[in-house]
Amino acid sequence: MSNSLVHILNNDCPNCLKGKVFKEKSIFFKFSFPKMNEYCPNCNFKFEKEPGYFFGAMYVNYGLSVAQGIATYLIAHFFFEQTFDLRMIPIIMAVMLALSPFNIRLSRLLWIYMFKNYSN
């Protein structure tokens, strides 16, 4: 499990673990829409199995965003007197917006690895 997490964060191909899923080498701190390779440059593994394959990754992305929003609230509420201050909403929105390119990449990688053939 921890080995798969390292490969996910390294943007490695789920089949050969040598090629890259995204054209950028790192999935961190890129503020543009991700550009995926259609096939693995190393083993020619097709990442998008069928049209609409990554619609399920949107649910993973939603879960990541909700978890990050809750974590941001839990950290931010220590800096305000009221339990829920409306000034926290822009802070939560800014964090979620800043992390959205990372979430897109991570959710797609998690989706690919969830449906990886582990029988090999």
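A residue counts as buried under 20% relative accessible area, as exposed over 50%, and as partly exposed in between, with a 1.4 Å probe and protein chains only. The model is predicted, so local features need pLDDT of at least 70 and side-chain atom pairs count only at pLDDT 80 or more, while totals for chains, interfaces and linings use all residues. Residues are numbered from 1 along each chain as its sequence is written, and side-chain values use heavy atoms, with hydrogens and water left out.

Helix α2 spans residues 55–76 and helix α3 spans residues 88–114. Helices are DSSP runs of H or I with at least four residues, numbered from the N terminus. The two helices pack at an angle of about 145°, and their axes are 7 Å apart. Axes here are lines fitted to C-alpha atoms over the stretch in contact, and angles run from 0 to 180 degrees between N-to-C directions. The crossing of α2 and α3 is right-handed; that is, the near helix is turned clockwise from the far one by less than a right angle. The residues of this contact comprise 16 nonpolar, eight polar and one charged. Nonpolar covers Ala, Val, Leu, Ile, Met, Phe, Trp, Tyr, Cys and Pro; charged covers Asp, Glu, Lys and Arg; the others, Gly among them, are polar.

Two residues of α3 were examined. N103 is found in helix α3. N103 counts as buried because its relative accessibility is 0%. Leaving aside residues up to four places away in sequence, N103 touches N61, L64, S65 and Q68. Contact means heavy atoms within 4.5 Å. I91 also lies in helix α3. With a relative accessible area of 35%, I91 is partly exposed. I91 and T72 are 19 residues apart along the chain, and their C-alpha atoms are separated by 7.9 Å.

Aromatic rings of Phe, Tyr and Trp (its six-membered ring) pair if their centres lie within 6.5 Å; planes under 30 degrees apart count as stacked, over 60 as edge-to-face and the rest as tilted. This rule gives three aromatic pairs. F45 is partly exposed at 22% relative accessibility, whereas F47 is buried at 1%. Y53 and F54 also form an edge-to-face pair, at 5.0 Å centre to centre with 75° between the planes. Both Y53 and F54 are buried. The charged end of R108 sits over the ring of F54, 4.9 Å from its centre. The criterion is NZ of Lys or CZ of Arg within 6 Å of the ring centre and within 35 degrees of the ring normal.
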